[in-house]
Amino acid sequence: MMLYLGQQVRPDIPLYNMAMGFSLDGELNHRLLSRALQHCVDTSDALRTVFVQTKEVPQRVVLPSLSITTDQVELESHAAARQWMRRRTRSNFELDRLLLDSALIRISGGATIWYLNLHHLITDGWSLEIIYRRVAQFYQELLAGSELQTEFPAFEEYAQFERLERVDSEDPELGKAREHWAAQVATQTQPPRLYGAARRDQSTASTRLKLVLNHSIVKQLERTAERPEVRSFTRDQSLFTVFASLLMAWQFRASGQSKLALGAPAQNRVRKEFKQTIGVFIELFPLLATIEEQEAFATLMSRRRGEANVFLR
């Protein structure tokens with residue numbers, strides 16, 4: 001319920017909207033797309049989930065059915081489409097009614113964008129890919145005149161994951177893990193004042209900046225990830241250690257603050273039967289560090305790797 005409580009603290013800000021715009025070449029049949037998305041909702045309990053309060057206690061409710069409308073929008077350019085999506089994304093969901101928004105944007109010249117926005121309470125980044133692939137599959141089946149698939153033996157419902165989580169919560173070993181992470185975050189750190197400036201606005205709006213790494217830098221990063229003090233279970237995790245350490249080192253230099261915290265999302269699908277399940281499985285890995293003035297970067301990376309390995313265990 002952490003996401004729910006966060007949204008209740010700031011009900012005026014769409015803190016957890018997860019909006020995507022899928023650019024597609026050529027025409028897309030609005031009626032078939034609407035049916036494909038509706039079928040995806042019909043076959044996923046997470047997408048039919050709403051949240052209600054009973055005696056001021058939030059309750060997760062899975063509706064037996066939920067009708068989804070995919071709006072049609074006609075615009076002149078991609079720039080106009082981006083503006084429209086930004087405005088639409090700033091709208092708040094009514095948590096007790098519907099946590100999904102869809103629109104088909106047609107742009108002059110033949111381009112098409114499928115706009116899909118879901119509240120983080122019912123999905124995560126991994127689930128967005130599942131939704132896209134499933135809707136694409138249903139759309140192709142409808143286009144071919146085939147019957148839609150209604151059974152998915154490869155995955156469990158999200159409700160089953162929650163039931164197993166409640167059972168696991170009684171495990172003494174997991175109780176020790178909870179105590180460990182509670183101790184880790186007991187002493188909260190202040191947000192760093194980068195270059196002496198504190199962030200004053202509370203908006204969730206952000207700008208994505210792209211940094212192109214040349215071949216030489218990429219090779220240096222890969223070699224660094226292979227060093228004994230950095231190498232971990234997988235190549236991706238080793239690279240995560242490098243980038244997390246770089247970010248913390250920069251924060252230390254830009255703020256002068258020695259005690260830093262970094263929140264890293266973890267996908268948390270620990271059972272293979274949930275790999276294709278739509279829902280919010282994500283957990284937050286609190287990466288904490290106290291950096292010394294003369295600390296070597298290799299030491300910083302080694303400590304980050306150790307903390308990540310403990311989390312994965």
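How much accessible surface does the protein have, and what percentage of it belongs to carbon and sulfur atoms? The accessible surface comes to about 19200 Å², a value from the Shrake-Rupley method with a 1.4 Å probe, and 52% of this surface belongs to carbon and sulfur atoms. The model is a predicted one, in which local features need pLDDT of at least 70 and side-chain atom pairs count only at pLDDT 80 or more, while totals for chains, interfaces and linings use all residues. Residues are numbered from 1 along each chain as its sequence is written, and side-chain values use heavy atoms, with hydrogens and water left out.

The secondary structure comprises nine helices and eight strands, where helices (H or I, at least four residues) and strands (E, at least two) are DSSP runs numbered from the N terminus. Of the 313 residues, 38% are buried, a word that here means under 20% relative accessible area, with exposed meaning over 50% and partly exposed in between (1.4 Å probe, protein chains only).

In soluble globular proteins, nonpolar side chains tend to be buried together.

Tyr 195, in the loop between helix H6 (172-185) and helix H7 (215-225), is exposed, with a relative accessible area of 63%.
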